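My notes follow, in the order I made them.

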Amino acid sequence: MPRKRSGRKYGKKAGQKVKRAMHERKRGTLKSGRSGKKVKSRKQAIAIGLSEARKSGAKVPKKRPGSRKRK
């Protein structure tokens with residue numbers, strides 16, 4: 001019998017990174033990339049967590065081209 005496939009989009013490691021980013025945001029210690037400003041937005045905290053998860057090689061879907069902010 002074939003093995004069941006996990007239908008999960010995101011891996012456990014990705015969830016842990018996002019959770020850590022959210023805690024940091026609540027404490028007021030989460031800072032954005034180059035500018036180093038405090039992150040206040042919930043969405044931005046999630047994006048930072050997923051970005052870190054991607055860098056560490058966790059199971060995270062690729063960024064969609066339309067999701068980035070345009071200049």
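**Starting at R25**

I began with R25, which sits in helix α1; I take helices (H or I, at least four residues) and strands (E, at least two) as DSSP runs, numbered from the N terminus. Before going further I noted that this is a predicted model, where local features need pLDDT of at least 70, side-chain atom pairs count only at pLDDT 80 or more, and totals for chains, interfaces and linings use all residues. Residues are numbered from 1 along each chain as its sequence is written, and side-chain values use heavy atoms, with hydrogens and water left out.

My cut-offs: buried is under 20% relative accessible area, exposed is over 50%, and partly exposed is in between (1.4 Å probe, protein chains only).

I then listed what R25 touches, leaving out residues up to four places away in sequence: L30, V39, K40, S41, R42 and A45. Contact here means heavy atoms within 4.5 Å. I also checked R25 against V39: they are 14 residues apart along the chain, and their C-alpha atoms are separated by 6.3 Å.

I found A21 at 0% relative accessibility, so it counts as buried. Setting aside neighbours within four places in sequence, A21 has contacts with L30, A45 and G49. From A21 to I48, 27 residues along the chain, the C-alpha separation is 7.0 Å.

R20 lies in helix α1. Its relative accessibility is 31%, so R20 counts as partly exposed. R20 and A45 are 25 residues apart along the chain, with 9.4 Å between their C-alpha atoms.

**The helix pair**

How do α1 and α2 cross? I get axes that come within 8 Å and cross at roughly 140 degrees, for α1 (residues 12–27) and α2 (residues 42–55). The axes are lines fitted to C-alpha atoms, for helices over the stretch in contact, and angles run from 0 to 180 degrees between N-to-C directions. The two helices are therefore oblique to each other; under 35 degrees would be roughly parallel, over 145 roughly antiparallel, 65 to 115 roughly perpendicular, and the rest is oblique.

Which residues make the contact? On α1 I listed A14, K17, V18, R20, A21, M22 and R25, and on α2 R42, A45, I46, G49, L50, E52 and A53. Sorted by class, that contact has 8 nonpolar, 1 polar and 5 charged residues. For the classes, Ala, Val, Leu, Ile, Met, Phe, Trp, Tyr, Cys and Pro are nonpolar, Asp, Glu, Lys and Arg are charged, and the others, Gly among them, are polar.

Next I looked up burial in α2: A45, I48, G49, L50 and A53 are its buried residues. These buried residues pack against α1.

I moved on to R8, in the segment before α1. R8 has 46% relative accessibility, so it counts as partly exposed. R8 and V60 are 52 residues apart in sequence, yet 9.7 Å apart in space, C-alpha to C-alpha.

Last, the totals. I count 2 helices and 0 strands in the protein. Buried residues are 23% of the 71 residues. Of the contacts between residues at least 6 apart in sequence, 46% join residues at least 24 apart.
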